[in-house]
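User: I would like to learn how to read a few features from a set of coordinates. Please give the general idea each time, then the case at hand.

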Amino acid sequence: MHRAELARHLQTSRATITNTVTGLLERGMVEPEGLSADIAAGEGKAPLKEKLVLARRAGIIGAAIHQDDTTIVGLGELDGRVISTRALPCSPDATGRERISTALAALRELLDELPAPHPQLHGLHVAPNTLVNRHTGEVLGGATSRRWSEINIRDEYEEGLGTAVVLENLARHAAYAQYGALESPPPRNLLHVSLSFGVALGQVLDGRIISGAHGGAGELGHVSIDSNGPVCRCSNRGCLFTYAGADTVLEECRIVTGTPLSLDEAIDLALAGDDRVVSIFSRAGAAVGMALNSVCNLLDPDLILIGGHLSRAGDVILDPLRDALFRNALPLFGRDLRIEPAVTLSDQALVHASLRALRLDVDLAAAVLAAHDPAAVAIS
Ligand SMILES: [Zn+2]
């Protein structure tokens, strides 16, 4: 923003903004956008229409994203601009403790790459691929979260980096990242469904991530669609997960083809039109559509994006999903609802989503004002 925009936004006089901005420039807290040699921060003046941004000296924020097979970390400016990212492959069987250790080491490396002294880290957004109480950091979910058991995610990161931590599970993070990648105007209510070895839902309503009271909102995979269905590892019967999870799809493919297949091999057979495999993906898609019908009655989305590994099957899974969802759709949500494939996002876009999400939960202005010391140095 430039000073005239700031004055309008804050509904105050330009003179007041000029005085405030001059003070912030002198302290090196803000600087002209695209700072160059001829415009030195601290000079004390900025033309009225010159765009100002928060200076790195005011601090930075970070992100850690724990996907099933990759750990992505990143650092960014307080206003959400990404400074750096790093992606590290990880075994799907890696424990939570191993994943956090990897992420902390990578974050420290990124911090060390910044010119010394390090700006203060004012917050870290963490997206783990497990059920977690986003306020306490406690991992819940029993057998469904066994790789993360016996660890408190918040405590590990807070002790590791000495900064505020915001937790949001991977499904909701993915939804928020997809939301940020959409062209304007954004949908009013977005649902993002990830179909893989789990079935996860993230919801962004009116631009806000809906997490629930504890962070448990969106456990679509454990919504029962048949009370007499197979027993799920959560101990309920007929969970969507037992119909549309990749393990179920692969087991059914093994039975009909007589050969154990990888998920990519099964998807390739479906895309090639193998009737036996197509019918398996079709049943999985229909099951997801049936479960989403209830979700739509509750949340009235205008866009549903389908992502995750299984979504590579495209219309083989999307068409039966749409059919099952719209067959019983009420007109008010069904008439304008769009169901589309999610897009593949870059590490940069995923980290950017984390930084934006952190800003929803942490009062960064207060953190900067409370912590700012012109001689502030490293946190590592
Ligand atoms: Zn279940």
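This is a predicted model: local features need pLDDT of at least 70, side-chain atom pairs count only at pLDDT 80 or more; totals for chains, interfaces and linings use all residues.

User: Which atoms are the protein donors of the zinc ion?

Analyst: The donors are ND1 of His222 and the SG atoms of Cys232, Cys234 and Cys239. Their distances from the zinc ion run from 2.0 to 2.4 Å. Along the sequence, the spacing of these donor residues is H-x9-C-x1-C-x4-C. His222 and Cys234 both lie in the loop between strand S10 (208–209) and helix H6 (241–244), so this pair ties together parts 12 residues apart in sequence.

User: What is the geometry of the zinc ion's site?

Analyst: Four tetrahedral donors ideally make angles of 109.5 degrees. Here the angles among the four donor atoms are 103 to 124°, and the site is tetrahedral.

User: Where does Ser211 lie, and what does its side chain contact?

Analyst: Ser211 is in the loop between S10 and H6. Buried means under 20% relative accessible area, and Ser211, at 7%, is therefore buried. The Ser211 side chain makes a polar contact with the side chain of Glu168 at 3.0 Å. Leaving aside residues up to four places away in sequence, Ser211 touches Arg134, Glu168, Arg172, Gly216 and Ala217.

User: Now the sheet. In what order do the five strands come?

Analyst: Strands of a sheet pair through backbone hydrogen bonds, in either a parallel or an antiparallel manner. In this case the order is S5-S4-S3-S6-S7, in an open sheet with mixed pairing. From one strand to the next, the twist averages 15°.

User: How many bridges join S3 to S6?

Analyst: Five bridges link strand S3 (residues 60–66) and strand S6 (residues 121–127), and the two run parallel. One example is Ile65, whose bridge partner in S6 is Ala127.

User: Which strands does helix H3 touch?

Analyst: Helix H3 (residues 96–112) packs on the sheet and touches S3, strand S4 (70–77), S5 and S6. The direction of H3 makes about 35° with that of S4.

Note on methods. Residues are numbered from 1 along each chain as its sequence is written. Side-chain values use heavy atoms; hydrogens and water are left out. Two strands pair if DSSP finds at least two bridges between them. Helices (H or I, at least four residues) and strands (E, at least two) are DSSP runs, numbered from the N terminus. Axes are lines fitted to C-alpha atoms, for helices over the stretch in contact, and angles run from 0 to 180 degrees between N-to-C directions. Contact means heavy atoms within 4.5 Å. Donors are N, O and S atoms within 2.8 Å of the metal (3.2 Å for Na, K and Ca); water is not among the atoms, so sites may look incomplete. Four donors count as tetrahedral if all angles lie between 85 and 135 degrees; four count as square planar and six as octahedral if opposite donors are over 155 degrees apart and all others between 65 and 115; anything else is irregular. Buried means under 20% relative accessible area, exposed over 50%, partly exposed in between (1.4 Å probe, protein chains only). A polar contact is a pair of N or O atoms within 3.5 Å; within protein, one must be able to donate a hydrogen and the other to accept it, and residues adjacent in sequence count only if both atoms are side-chain atoms.
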